[in-house]
Amino acid sequence: MQAVAQTSFRYLPLLLLAAAWEITARLNLIDSSALPPLSHVASAWVDLVRDGELVSNGAASLYRGAIGLLLAVIVGGGLGIVMARWRLLDVFINPLVELFYPLPKSALIPVTVLWLGFGDGSKILLIFLGCMIPVTIGAYNGARGADQALVWSARSMGAKNLRLMWDVVVPSALPELLNGVRTALALAFILLVSSELIVSQQGFGYLIGYLGSTGSYEGMYAVVLTVAFLGFAADRLYQLLVQWLLSWRE
Amino acid sequence: MAGIDDTASLAAAQADISRDAARRLDTVFRGGAGIFSILLLLIAWELFARSGRVTPFMLPPFSVVVARIYSDAAGGDLWINLGQTMFRAMTGFAIAAIGGVTLGALMSGNRLVRWFFDPIISVGFPMPKIAFLPIIILWLGLYDVSKISIVVFDAIFPVVTATLAGLASIDKELIWSAHNMGASEREVMWQIKLPAALPQILTGLQVALPISLIVAIIAEMAMGGYGLGGAMMSASRFADSPGVFAGIVEIAIVGYALIKALAVIRRRLLVWHQETAEHS
């Protein structure tokens, strides 16, 4: 009971903001097309869910994001760990990672469109390319930090290379690898929404742009808030997953 | 018991030494190998683009892209676009930096401010704030004000969080002794708290800087007009692929230069800090 009271006190400012929004809009302090009342936005949200628009566009977005991120984690994580253990690859690939790391990933949007068009492929490629670098760096730093004594003792006990990777290097790289994935998760949402806003015929970003251009601002606000909430929820769920994955460490 | 400890510490020491030796070898090796591998990539790009396996539309040769950048630079377009993008990204970054540190300091000093902003920051940080771009356009129009606003909106969160974390981890005894010696609240803030939190604040700024550039470019792409992002988007609409690749190379160079510059500033500002001593 006390915990509930504490949590609600903690999040009270968000409720106050929502109330302030509703009142400002109702009193017409701001033009109601620029700021529709929150209650209208909520009913627009219900309509969008009912006629399936939000669900079908949302499914398209989440599909793109999930595939792109999954590829980035597999390829980037693998690359980072191999780089950390294999000097030759490290010497040649690391400068390239360093070169591409500061590249503002949004610059890739027009190229992926040039290569793969307006559909799913270009978004998946964009998310894969953009998210791979932080995962690679996390895996690399983690695997390099693997305790050399552990590696030696595993070797002296006869562990072969692959076995050694899986049993010793990967677990010790895990915390930093998972940190890299968290960065990538946030980046995936940003790249997804912005590429859909700029060029797309489907997805959350497309729906936001479409509703905005037809002047149904209540719907536009509803989709924007949905995307924002999903980004927030994905991060919180991911943190729970990480806690569970790393519970062996204590 | 002591024996096991000894071997463990010996193993750790050996690991340190081998790591240190490897690092030294790396720095000798890497300067050359780094340039070499970048050159290799560019040569591979040129050869692959000319091999006939891809159309010049999909991948124009590197030399064509360089020629394009050169002619854009000579014609002056490059400098106009670059200036616009830098102006938007850097103004947004500066506002986010000052506003973020101020808000962080206020939150750490005042419980009411903290109570109000804490849930907003913690819920807002992981949100994809770029989704709010159409709303900002609706409010502020298509010009610089809305582009800079979305940059500030996106870049301020890591600065606030880093400032809060930095101020929270300060050694309390430092503050107590300053108070004991008669320092005012203001002096403690400027001479003890902010300098002590500086490493973490700078880390926050190092997160915020690439975000500023990413968001400025997205905003330009979505709204059009001058700027590197807008130029890339119009090149893409006219199927002008050398223009698109020129944009990527230009943006990559700008991003690299900005991030290196901030790293150099960090080292300068933190000369007094042990972190700098460890690296040199």
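User: How many residues does the contact take from chain A and from chain B?
Analyst: This is a predicted model in which local features need pLDDT of at least 70 and side-chain atom pairs count only at pLDDT 80 or more, while totals for chains, interfaces and linings use all residues. Residues are numbered from 1 along each chain as its sequence is written, chains are lettered from A and ligands numbered from 1 in the order in which they are written. Two residues are in contact if their C-beta atoms, placed from the backbone, lie within 7 Å. The contact takes 43 residues from chain A and 47 residues from chain B.

User: Which helix gives the largest share of the side of chain A that touches chain B?
Analyst: Helices (H or I, at least four residues) are DSSP runs, numbered from the N terminus. Those that each supply at least two residues of this side include H1 (2-26), H8 (161-198) and H10 (217-245) of chain A. The largest share, nine residues, comes from H10(A).

User: How do the residues of that side of chain A divide into nonpolar, polar and charged?
Analyst: Ala, Val, Leu, Ile, Met, Phe, Trp, Tyr, Cys and Pro count as nonpolar, Asp, Glu, Lys and Arg as charged, and the others, Gly among them, as polar. On the side of chain A that touches chain B, the division is 34 nonpolar, six polar and three charged.

User: Why are H3(B) and H4(B) oblique to each other?
Analyst: Axes are lines fitted to C-alpha atoms, for helices over the stretch in contact, and angles run from 0 to 180 degrees between N-to-C directions. The axes of H3 (residues 77-109) and H4 (residues 111-124) of chain B come within 6 Å and cross at roughly 120°. Angles under 35 degrees count as roughly parallel, over 145 as roughly antiparallel, 65 to 115 as roughly perpendicular and the rest as oblique. H3(B) and H4(B) are therefore oblique.

User: Which residues of H3(B) and H4(B) meet?
Analyst: By class, this contact has five nonpolar, no polar and one charged residues. B:Leu103, B:Leu106 and B:Met107 in H3(B) meet B:Val113, B:Arg114 and B:Phe117 in H4(B).
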